[in-house]
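Biologist: Walk me through this model, please. I want to know how to read each feature before you show me the case.

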Amino acid sequence: MRTLCAKHLDTLGDRREIDASADYAQFISPGVIATMLGFPEKDEDLFRDFVHLVLNLVDLLPEVRGAMFLPMAEYFDAQIEDHLQNPRDDFTSYLLNVEVGGQKLAPEHVRGTMVLTLIAGIDTTWSAIGSAIWHLAQNPDDLARLVNEPDLMPVAVEEFLRFYAPVTMARMVKEDMDFYGCPMKKDDWVLLGFPAANRDPEVFEDADKFVIDRSINRHAAFGLGIHRCVGSNLARMELRVAIEEFIARYPRFELSDPGAVTWAPGQVRGPRAIPLRVLATN
Ligand code: HEM
């Protein structure tokens, strides 16, 4: 993680105007997932194109978008084939070898899990890193505390997750029911407002206030129940290291054009453009 972050920070050289999302945050989680799945480093750009396709072009018609998925499916199949021929120490080889109930997973199950890892593990974390940097750009006191009190980072990470919870998921109703006075019909879609739950005044003191050293923080940014995020500790580590490396390089920065900040549409929310002016470097 640290090498990956440093590599992308190095490419920014001594620029004083940067985009913390397009130039930094968006590279971190794809790099982690590609490494985890065991994709060759030379495929980095290709992999990022897939990520862009899957995660950013959600507004296209399903038929148009479906066809665009083919190259990614072919790429994943080629990776599976290569891993079958040359097993190595990565998640793809693990999935190909693991046994569930005495049986190996079918190749389409392996491919499905690779796609899920990509969808669940990339723009979620990139959004969380982006929101944290966006926050720090506007709250110099919080930035100064993190720079001067590095031990605060794990607690701050939880508050970034609570306050800017990037993920809203959905469920389909199985049968007609009355949920605490709210009628629901079979096949209705219901959004699970994890970000709203994180601002519940009955659970959090000053729920609408970002408190960087909030000590009691049982937030729901990673969901609740059996589908709770399986990657939560990886995400926490990515968030912590990505911010640590960023503020170690840039201990002071501010938004250079607040109006130019853009946010992702859809169920995963995070800034996609964060124009910054660097005020101090190390
Ligand atoms: C800040 C980053 C992340 C956030 C906020 C987040 C949030 C969530 C949430 C809210 C769910 C629950 C979905 C539901 O109830 O339907 C979930 C599920 C999941 N997440 Fe994450 N996630 C993050 C990062 C990651 C990473 C890095 C990975 C893996 C590399 C990952 C893998 C998954 C998977 C596989 C599931 C599905 C679990 C299941 O259905 O049993 N997530 N995530």
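Biologist: What share of the 282 residues in the protein is buried?

Modeller: Start with the cut-offs: a residue is buried if 20 or more other C-beta atoms lie within 10 Å of its own, exposed if 12 or fewer, and partly exposed in between, with C-beta atoms placed from the backbone. Buried residues make up 30% of the 282 here. Mind that this is a predicted model: local features need pLDDT of at least 70, side-chain atom pairs count only at pLDDT 80 or more, and totals for chains, interfaces and linings use all residues. Residues are numbered from 1 along each chain as its sequence is written.

Biologist: How does the radius of gyration of the protein agree with that of a compact globule?

Modeller: The radius is taken over C-alpha atoms, and the globule rule is 2.2 Å times the number of residues to the power 0.38. For 282 residues a compact globule would be near 19 Å; the protein has 20 Å, which agrees. Along the principal axes, its C-alpha atoms fill a box of roughly 55 × 55 × 40 Å.

Biologist: How many helices and strands does the protein have?

Modeller: Both are DSSP runs numbered from the N terminus: helices are H or I with at least four residues, strands E with at least two. The protein has twelve helices and eleven strands.

Biologist: How do I read the crossing of α1 and α2?

Modeller: Two packed helices are described by the angle between their axes and the distance between the axes. Axes are lines fitted to C-alpha atoms, for helices over the stretch in contact, and angles run from 0 to 180 degrees between N-to-C directions. The axes of α1 (residues 2-11) and α2 (residues 21-37) come within 10 Å and cross at roughly 150°. A crossing is left-handed if the near helix is turned anticlockwise from the far one by less than a right angle, and right-handed if clockwise. α1 passes α2 in a right-handed crossing.

Biologist: Which residues of α1 and α2 meet?

Modeller: Contact requires C-beta atoms, placed from the backbone, within 7 Å. Leu4, Cys5 and His8 in α1 meet Tyr24, Phe27, Ile28 and Gly31 in α2. By class, that contact has five nonpolar, two polar and no charged residues. Nonpolar covers Ala, Val, Leu, Ile, Met, Phe, Trp, Tyr, Cys and Pro; charged covers Asp, Glu, Lys and Arg; the others, Gly among them, are polar.

Biologist: Which residues come nearest the ligand?

Modeller: A residue is near a molecule if its C-beta atom, placed from the backbone, lies within 6 Å of it. Of the 21 residues around the ligand, Ala120, Gly121, Gly223, Cys229 and Gly231 come nearest. Elements giving two or more residues to this shell are α7 (107-121), α8 (123-138) and α12 (232-249). α7 gives the most, with four. The shell divides into 13 nonpolar, seven polar and one charged.

Biologist: Is arginine 162 buried or exposed?

Modeller: Arginine 162 counts as buried, because it has 23 C-beta neighbours inside 10 Å. It lies in helix α10. Arginine 162 touches Asn198, Asn217, His219 and Ala221, not counting residues up to four places away in sequence.

Biologist: What is the phi of tyrosine 180?

Modeller: Near 45°, a positive value in a residue other than glycine. Tyrosine 180 lies in the loop between β5 (177-179) and β6 (182-184). Tyrosine 180 is exposed, with 4 other C-beta atoms within 10 Å.

Note on methods
Two residues are in contact if their C-beta atoms, placed from the backbone, lie within 7 Å.
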